Amino acid sequence: MAKGPRNMRRGVLMSLLQESAKSIPMWAGGVDERPPPLCGAIGAGSSIDSTLVAPGDHVAALVPDLESPGAEFADNESWILAEVISFNRDKRQFQVEDVDAEEGKVRRYTLDRSKVILLPKWKANPVLNPEAVFPKGTLVLALYPQTTCFYRAVVDTHPTNAQDEYSLYFEDPSYPDGYAPSIRIPQRYVILCPENDRKSGRQGRKRVPGQKKKTN
């Protein structure tokens, strides 16, 4: 069966996201120089300026989940991959756009700073800067493969060299221990899970990690 325009466009998007993960530069500082914000696991902090965010940047954004029945989710919100349109520093507000909206159906959101997480701009070298990678057992949000949604996961193993990726266990209630088998995810799409989401029942748009039941 031939792919429709929507599937073809989405396939291109997935390829671009994979390329973006590979192409972000490795941080290479001087002797005793600490990695900057947005290097690997190091977040942006409370203060954001034009050096950290610009129109066109990709971020994780917590938006209303328009694709799920309202009664199914307590929060009815999802962490999605979005593109920054603008950032108002005085109001601490972002305007972002869903990168995976259907053609002709632009979805823009005005969000408080607390609902936007900046993605890493540099990969961390775990040999030179081990403090810039998430250790084993850390609860994170990560972009699930072939989707544009972030889901909760636990770090199984962290990168051990400059080109390595994280191995993550995504939460999945269809498995006896609550986690799916480990999946490798690049540094670009692994961020610290916000405090408000650590005990949340929020599963995210389409609930991808938990859609299929495990069979014996």
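How do the residues of the lining of the largest pocket divide into nonpolar, polar and charged? I counted 9 nonpolar, 5 polar and 5 charged.

Ground rules next. This is a predicted model, with pLDDT of at least 70 needed for local features and 80 or more for side-chain atom pairs, while totals for chains, interfaces and linings use all residues. Residues are numbered from 1 along each chain as its sequence is written, and side-chain values use heavy atoms, leaving out hydrogens and water.

**Entry: largest pocket**

I read a volume of about 370 Å³ for the largest pocket. Its lining has 19 residues, and those closest to the centre are Gln-18, Ala-21, Glu-165, Pro-186 and Tyr-189. A pocket here is an open set of points on a 1 Å grid over the protein atoms alone, where a 1.4 Å probe fits, with protein on both sides within 12 Å along at least five of seven lines; lining residues have an atom within 4 Å of a point. Points are joined across faces, edges and corners, and the volume is the space filled by probe spheres set on them.

I then checked the elements. α1 (5-23) and β9 (183-185) each supply at least two lining residues. α1 gives the largest share, 5 residues. Helices (H or I, at least four residues) and strands (E, at least two) are DSSP runs numbered from the N terminus.

**Entry: second largest pocket**

I found about 300 Å³ of space in the second largest pocket. It has 18 lining residues, with Gly-43, Ala-44, Ile-117, Leu-118 and Leu-192 nearest its centre. β5 (116-118) and β10 (190-192) each give two or more residues to that lining. The lining divides into 13 nonpolar, 4 polar and 1 charged.

**Entry: strand β7**

Which strands pair with β7 (at least two DSSP bridges)? β2 (residues 77-88) does, antiparallel over 2 bridges. There, Ile-80 stands opposite Cys-149. β6 (residues 139-143) runs antiparallel to β7 with 5 bridges, and Ala-142 has Tyr-151 as its bridge partner. β6 and β7 form a hairpin with 5 residues between them. In the turn, Gln-146 has a positive phi of about 65 degrees. β8 (residues 166-170) pairs antiparallel with β7 over 4 bridges. Val-154 stands opposite Tyr-169 in β8.

Note on methods. Ala, Val, Leu, Ile, Met, Phe, Trp, Tyr, Cys and Pro count as nonpolar, Asp, Glu, Lys and Arg as charged, and the others, Gly among them, as polar. Two strands pair if DSSP finds at least two bridges between them.
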